[in-house]
Structures are given as C-alpha cells and as structure tokens.
Amino acid sequence: MTPILEVSNLSKTFKTFKAVDGLSFAIGKGEVYGFLGQNGAGKSTTMRMALGLIFPDSGSIFINGSEFNNSHRHLLRSIGAIIERPDMYGYLSGWENLKIFAALSGTKVSAARLHEVLDIVGLKGREKDKVSAYSQGMKQRLGIAVAMAHQPELLILDEPTNGLDPQGIAEMRSLIISLSKDHGKTIMISSHLLHEIEQVATNMLILHKGKKISEGPVHQLLNPDDTLTEVTILPNEGLGAQLASSAWTQYADHVSAERLVFRMNPTRIPDLNKWLVEAGAQVQSISSKHSFETYFLNITSDAAAAHRVI
Amino acid sequence: MRKYLLLLLLFTCCAFNSAHAADASALFQSLRSKVLSVQDYTADVKMNINVSYMRIPQLNGTLYYKAPDKMRLERHGGLSILPKKNINLTLSNLIPGGNVTVIDMGNALIGAKTVRVLKVIPDDEKSDIILTKIWVDETDLVALRTETTTRNDGTVTMDLEYGRYTNSCLPDKVTIFMNLKDYKLPKGVTMDYNDQPQPPKSTDKKNQKGTIKITYLKYSINTGLTDKFFAAPEKQ
Amino acid sequence: MQLLRIELYKIFKRPRTYISFGIITAITFVIQLAMLSDGKSFIGFALQGINEQFDIHGNILNGYLVAYIILQSLLIHIPLLVALVAGDMLAGEANIGTLRLLLTRPVRRSQLVLAKFYASFIYTVLLIIWLAFIALFLSLLLFGKGDMINLKSDAFVMLLQSDILWRYAMAFVFAVLAMTTIASMSLLLSAFADNSIGPIISTMGIVVVLTILSNLELPLFNLIKPYLFTTHIIGWKGFFDDPVPYSAILRSSAILVLYTIAFITTTIIYFNKKDIRS
C-alpha cells in the first residue's frame, strides 16, 4: 500500500545549522505516527518541509505517491496541519477563521461539515466568539477543527499539547485518539515527551540532531518486557549468590551489594519484592522505568529531561 | 522797413513759438478734460495677463472704474487680479492732474498715424508721477500711447486702441507693458513636481517685462458708481 | 478571486484599517479648521511675492485651494497609511502566526502575494476616494468655490473654477497609482520581515529620505532624481499646472508602473523561495 506521506533522504541546513540530515520515513494509512525528539531535533522542520513551508536542500517528499514540491501544492489538499501554535486571526470569530481556512483548502466544505467539526472538537456554541477571547486549549481545538474541516487523510500535529494545562492535555490526547479510532484519520504527531507519544502513537520515530535514531511500532519499541526495575537495598554481600541460584537471575541486568536492576515485565514486581524480602534483603526503594525511556533520556539532553511532566 | 520786417519776423517767431507751447499745453488740457469727462464706467472686459512667471488664463469679468483712481474687477465668484493699486491701468491715472509743464516733443509715427508727442511734468513734486510722455492723435483727440515714469512702480507703457468709444476717449483695447520684479518661492516649501532636473536659469532676470492686455467689450459710462461700491466685499 | 475576497474580508474586519480613514479625516479637519481660522494670514504669507505687484481679490481661500493644501500635506502621510495595511500583509501574518497555516493550504504563494497586492490596491483606492470626498467636497462645502491659485517655486498659476474638477479627478487617479507603488514596496518589505513594524517604518523611512533627496537642489542628486520614485509620486501636481505637462506625467506614470511591477515581481520571487520559520 502507498504510504500517505513518504520522505526520502531529506536534508535541510539553516546557515551552518544542520536541522535535518538525510531523514527517511514513511507513514502508512491509519497510523498514528509519533515524532519524538528534543527541541531543535528537527521535528518541526521536517513537518514544515512536508507542508511546503520550508524547502529542503535535498531529498524528496511524496504525498500519496506523488512527489511534492512548490509547483505541486495541490497535493496539500489531503493534509491538515497545526504547526507549533494554532495561531488564528484574533479579530475574527472562530467560525470566520474556520470558514476562511476551509475556503482555501481546495475542497468544497459545507456549513454542515463546519458545524460537525466544531462539534467534534467541542467548540459548539463558542464559534461566534472572537478568537482573541479563546483560551489556549480552545485555540488548539479550533486549530484541529481547521486542520480537519476539509476531511484530509493526514493530520500533521506539531506539539499539539504545547502550552496546555493538564486538563487540556488530557482532552487533546483523547481527541487525537478519537480522531484516529472514530474518524479513521492518519495522524503525524510530534512531541519532545516520550509518554505523550507512547499514549497515542502506533508508530514512532526518534529524531536527534536531525538524524533518525530509531523507528518502529510502539508496541515493539516499548515492549513491557524491556522495563528496567531498579531495587536499592541496604548492603548485602550474600544476596548476589542467592540471586544467581534463583529463577530471577534470568532477568537480572545489573547486580551489586546495594543496587539490583532487572529487565522484565513490571507485572512481576510484587513477586520480586516478595522474594527479596524472603531472601533477607532490606529493600529501600523499587522503581521501574522502561529501558526505552532511559535510552531516550540518555540520548537527549538534561534540559529535555527537566521538561518531563510527571 | 527792413527793421519792421525783422521785428515782425521776430515777433512772428516768438508768437509762433509761444503759440506752439500754448498749443501743446492746450492739447494736453483738452485731452485731459476729455479723459476726465468720464467719471465712472462699468465695462465687460477680457483680460490677458502675460507675465513670464504667471500662468493665468484669460479672465472675463466686469471692470468698474471711478475717477480718479478707483478700479475693481469683478469676476462673478472668481478671482480678480489687478496690478498693485490699479495704478497703471487707466489713462486718467497715467495723466498727471494739477498744474503741469507740457513740452512739445514734435511728431512721431504710431503705425501709419502721425501723432504729437507731449512730455508732461507735474509741478507738484510730491506727485507719484515724475514724467509722462503722451502720444496724442490730434484728429480724434485721444492718447494712443503713454509712457509714465512713476516714483514707486517704475516706467509703465500703455498702448491704446480706439474704436466705438473714441468720443469718450475710452479704448477698445489696452496693452500695458510693465517692469516686474522676479518671483521665487523656496522649492522646499512648494515641493514642486519637476520630472527633469531644471537647467539653471540662463539670465538673472531681476526685472522682468510683463504685459496686460485688456479688451473692452461694452462700456456703460457715468452710471454714478459710489466709493462705497469699491470698498464693499465682493458678492459671491 | 477567493483569495482576494478573503484578503479584503480580513482587511476590513480589522479596526486598524479604519484608523487610516480616521487619520485622514482628522488631518483634513485640522487643516480645514486651521484654514478657517487663520487661512487669510496663510494666504497673505504665501502670496507675499505676488502681492508686491498685484492685488488679488476674491475668494482666494476657496475649497479648491484648501483641498490642494490638504492633498499636499496629506500625500506625505498617506504612504504611512498605505504601509499600515500593505506592510502588514505578509509580515503581520508571519507575526501572528497565521501565515504558517495559510501556506499549508493548497494555494500558490505567488497567488497569495498577488491577492494581497490587489487587496492593498483596493484599500488604497478606497483611501483615496475617501480623501477625495473629505478633502475636496467638504472643503468646497466649507470654503465655497472659486478660481484656484497654485504657487510653484518659479511660477504663479491661476486656474478658472470651471477648469478644475477634471484636474482633481486626474490627480486622484494619479495618486492611486503613486500610492499603489508605495503599497507594492511595502508588500516587498513585508515579505522580508516577520513583524509589521519593520516594513511600516522602513516604508516611511524610504519615502522620507527619498523625498528629501528629490527636493534637494544639489547637482549630484539631480543626476539620480529622475530615477527616484519619490520624484514621480507628486506627479498629480502636474494636473494643476497650465498647460498640463502631459508628457512628464506620462513618463512619471510609466516609471511608477515599472517600479510597482518590479516590487511585486521581486516580492513573488523572494516569497516563493522563502522558508517559513515563524
């Protein structure tokens, strides 16, 4: 099956800064494709290139199998997008904004459809208000309404939860899941937060300094069996030997007198804890983290980690 | 006998001379009284002002005049432009009043016409007019040309053409030649539209010549215009 | 067409747009008021050179002259008002972020630039029509009719009142052309910038500096003057000369049209390649 969006060997340099470096990927129909990377990794630049906002230095972009460039802008008909902030004309109402952008979508969009998308994003009843009076969350939802009004196959959402409060984030998340499940949209979504992507995406790509680090279905990359559980105990020299002779040794990743790390499905933690107590270990803490997250945090900077929302 | 003859000759000569002077003076006096017989008039005129720095279309209007020096051009809502103080526009203004010394300058030709040229000097030293030369057509008793030197406005020459109103010494057409000062406004003020940079002016025309041509279409004479009329603002 | 409708919709839905009309109205009123109260002495001052030798009577300070005075002073400010909208066209949208969204639509960038140019043009036309209405008709109402005198640096021109209205009509048409050139320059500057203050200020700066150059009497500047568009944007004044310098006005119009085409073409070429990073 032809991918909706395919990118091949895409590169872009701004002055001396290499924003995207030989990037290739493909997004198939029905996928929710997570684009993960810290700020400045090249997510936004890639999305902008796919939308014709930024012109690549080299490489190609295919939309539904046709090569996309500045003279084939009609291909953008099948895409709806929010790039960074969902900025709208503040002096116009939500409805007017929606109408304007729908009129430019290259597709006839009926008033009924506009009402329908307002309903989907939950802005019904507020469409006559000026956008300048909207909250950030409402603007974000209007942005989604604009992006999907002309029934594009692919939605490109660049950091759609940016600037939202926790409730807004939760709403946005369920909206995205619903767009995928109930409305059959293919969605490309970017974030600098793993758990954001993890909760909505079917596929995932990690971008770092413009390069693809890893890519694959989320259930593979985030296989629960690869969760790392770290146990700290009061120093216990004998525990290592006990462990080696037990069944838990197959999960052990790291063993020392006061710190043990296991790679296993986190459902095993209660059993592990029980065994540790029976073996005479004085457990101080148990924490688990997916190895992928550790990996992601390792490759991204401390700054990115500091942004982590718990 | 020869002595008588000589005396007679001398006498005749003197008589002729004085008669000549008297003749010139009388000619001037009769011309002046003819001119002054018109106390006021109202005339439909066409005025063409031809000054190098002024671009003015032909002005049609009504000219009001009252002796000795009141003049007003009314243009039915339009602007009226007359030389300062109207000084040079009418014959009566250019012909000195009061006691004058008239000197006969002999005959001259204007076109094909032989005319007497009179030099008139006012006795009044305070008079604005220092000297007037008048070219007089003796047959019709009209002035065909005047050249007046004034204290304040330089020398003004006026050519007059007569036709229908010869009897009242009112011309059909007057051309006034006057000296004018140069005119200039700073460019920054006016912000002129000049497509091409202008060549520097070739001559510094400190004094420019200008002409004003007035064609009189119809006169109404001595209708009793009052001074008040000339002071009143124009009706719109 | 759709694009143009949307651009016009956006322009006229914005309060800022009406500020321009307000400013024109305000300045016009101020000048009219000043002329009502102090016009006589102003005329006296302006006519000094002429009054030494001629007496001018009648309604000198009539609506036609006042309108000319208003036009003369306002046509310095109108570039600012044109820039206020045209300079905001691309930069303003870049600034509020809507340009991003606009350009992810299947619309050709050149078409967007053209639509914005046409919209600026229509705005300019309306601005000039409003100016014509308020400066000319209101002045005629307040000051009445009359023959018009036009003082040039080296000439005194007088126009008969029956011979003026068509000159104003032509002058306004010319003003539209001149201001369209300004609009196209603003649009070009707007394409370079990501906020609208820059293009608006730059437009004004360029107009002011070039106007000064156009009016300086220096041999060096005389060489470049014919190529400056500011020399030509006051070509409307030509219609108030007698005889009207048609060949000069035609040349000025041609130069303004060429400038406009050059500005728009440059805008399209540049904007077509521009990476939208705002």
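User: Which pair of chains has the most contacts here?
Analyst: In this predicted model, two pairs of chains touch, and the most contacts are between chains B and C.

User: And what about chain A and chain B, how far apart are their closest C-alpha atoms?
Analyst: The closest C-alpha atoms of chain A and chain B lie 40 Å apart, and no contact joins these two chains.

User: OK, back to B and C. How many residues are in contact there, and what area is buried?
Analyst: On the side of chain C there are 45 residues in contact with 41 residues of chain B. About 4,000 Å² is buried between the two chains, and carbon and sulfur atoms give 52% of that area. In chain C, the residues that lose the most area to chain B are C:Gln53, C:Phe54 and C:Ser153, which together make up 19% of what that side buries.

User: How many salt bridges between chain C and chain B?
Analyst: The count between chain C and chain B is two salt bridges. One of them brings together the side chains of B:Arg75 and C:Asp147, with an N to O distance of 2.3 Å.

User: You mentioned strand 3 of chain C. Which strand of chain B does it pair with, and in what sense?
Analyst: Strand 3 of chain C pairs with strand 2 (residues 54–55) of chain B, in the parallel sense and over two bridges. Within that pairing, B:Arg55 stands opposite C:Val157.

User: Now the other interface. How many residues do chain A and chain C put in, and what area is buried?
Analyst: The contact takes 33 residues from chain A and 28 residues from chain C, and the area buried between them is about 2,800 Å², with carbon and sulfur atoms giving 59% of it. On the side of chain A, the residues A:Arg73, A:Tyr91 and A:Leu104 supply 24% of the area buried against chain C, which is more than any other three residues.

User: What are the counts of salt bridges and polar contacts between A and C?
Analyst: Between chain A and chain C the count is three salt bridges, including one in which the side chains of A:Asp87 and C:Arg100 meet at 2.9 Å, N to O. The polar contacts there number 19 residue pairs, again with both residues at pLDDT 80 or more.

User: Which element of chain A gives the largest share of that side?
Analyst: Strand 1 (5–14), helix 2 (94–103) and helix 4 (136–148) of chain A each supply at least two residues of the side that touches chain C, and the largest share, five residues, comes from helix 2. By class, this side of chain A has 19 nonpolar, six polar and eight charged residues.

User: Switching to chain C by itself: how many helices and strands, and how compact is it?
Analyst: Chain C has 12 helices and three strands. Its radius of gyration is 20 Å, close to the 19 Å that the globule rule gives for 278 residues, so chain C is as compact as a globular protein of that length. Taken along the principal axes, the C-alpha atoms of chain C fill a box of roughly 70 × 40 × 25 Å.

User: Which residues in chain C are joined by a cis peptide bond?
Analyst: C:Asp242 and C:Pro243 are joined by a cis peptide bond, with omega at about 0°, and C:Pro243 lies in the loop between helix 11 and helix 12 of chain C.

User: Where does A:Lys209 lie, and what is its phi?
Analyst: A:Lys209 lies in the loop between strand 9 (203–208) and strand 10 (211–217) of chain A, and A:Lys209 has a positive phi of about 50° although it is not a glycine.

User: Last one: how do strand 6 and strand 7 of chain B run, parallel or antiparallel?
Analyst: Strand 6 (residues 100–110) and strand 7 (residues 113–122) of chain B run antiparallel and are joined by nine bridges; the bridge partner of B:Asn107 is B:Arg116 in strand 7. The hairpin of these strands has two residues between them, and B:Gly111 takes a positive phi near 65° there.

Technical notes:
Residues are numbered from 1 along each chain as its sequence is written. Chains are lettered from A and ligands numbered from 1 in the order in which they are written. Side-chain values use heavy atoms; hydrogens and water are left out. Contact means heavy atoms within 4.5 Å. Buried area is the accessible area (1.4 Å probe) that two parts lose on being put together, summed over both. A salt bridge is a side-chain nitrogen of Lys or Arg within 4 Å of a carboxyl oxygen of Asp or Glu. Two strands pair if DSSP finds at least two bridges between them. Helices (H or I, at least four residues) and strands (E, at least two) are DSSP runs, numbered from the N terminus. The radius of gyration is taken over C-alpha atoms; the globule rule is 2.2 Å times the number of residues to the power 0.38. A polar contact is a pair of N or O atoms within 3.5 Å; within protein, one must be able to donate a hydrogen and the other to accept it, and residues adjacent in sequence count only if both atoms are side-chain atoms. Ala, Val, Leu, Ile, Met, Phe, Trp, Tyr, Cys and Pro count as nonpolar, Asp, Glu, Lys and Arg as charged, and the others, Gly among them, as polar.
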